[in-house]
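Trainee: I would like to learn how to read a protein model. Could you take me through one step by step?

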Amino acid sequence: MKDFIVGAHEMEWIEVTINGEKRTVPAGLTVDGLLDFLKVRKAAAIVEHNRVVLKQRDNASVAVNAGDVLEIVRFVGGG
């Protein structure tokens with residue numbers, strides 16, 4: 001995909017599908033890193049990665065790769 005120079009490092013980007021929308025994100029992220037990149041509060045999110053619902057404790061070890069399909073569900077409170 002795109003390459004950008006960030007500081008002294010070149011950053012590679014990949015394309016994934018998030019909630020039905022094609023998105024370009026940095027390569028080398030885990031699901032936790034993706035949630036950080038998207039500014040999603042991890043404690044309130046459940047992620048389906050390539051049709052597998054992840055346990056929150058596994059988000060830090062699951063890699064996000066080009067072509068992956070993710071659904072992110074965020075819980076919101078209200079009253």
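Mentor: We will go from the overall fold to a few residues. This is a predicted model, where local features need pLDDT of at least 70, side-chain atom pairs count only at pLDDT 80 or more, and totals for chains, interfaces and linings use all residues. Residues are numbered from 1 along each chain as its sequence is written, and side-chain values use heavy atoms, with hydrogens and water left out.

Trainee: How much of the chain is buried?

Mentor: Buried means under 20% relative accessible area, exposed over 50%, and partly exposed in between, using a 1.4 Å probe and protein chains only. In this chain of 79 residues, 33% are buried.

Trainee: What do contacts tell us about the chain?

Mentor: A contact means heavy atoms within 4.5 Å. Of the contacts with a separation of 6 or more, 43% are between residues 24 or more positions apart. Take Leu-38, in the loop between α1 and β4 (45-49). Beyond its neighbours within four places in sequence, Leu-38 is in contact with Ile-18, Arg-23 and Ile-72.

Trainee: Which aromatic pair does a search of the whole structure find?

Mentor: Rings of Phe, Tyr and Trp (its six-membered ring) pair if their centres lie within 6.5 Å; planes under 30 degrees apart count as stacked, over 60 as edge-to-face and the rest as tilted. The search finds one pair. Trp-13 and Phe-37 sit 6.1 Å centre to centre with 65 degrees between the planes, so the pair is edge-to-face. It links distant parts of the chain, with Trp-13 in strand β2 (residues 9-18) and Phe-37 in helix α1, 24 residues apart.

Trainee: What about Asp-32, which is buried yet has no salt bridge: how far away is the nearest side chain of opposite charge?

Mentor: A salt bridge is a side-chain nitrogen of Lys or Arg within 4 Å of a carboxyl oxygen of Asp or Glu. For charge, Lys and Arg count as positive and Asp and Glu as negative, while His and the chain ends are not counted. Asp-32 lies in helix α1 (residues 31-37), and the nearest oppositely charged side chain, Lys-42, is 4.2 Å away. Leaving out residues up to four places away in sequence, Asp-32 touches Lys-42, Asn-59 and Ala-60.

Key:
Helix = DSSP H or I, 4+ residues; strand = E, 2+ residues; numbered from the N terminus.
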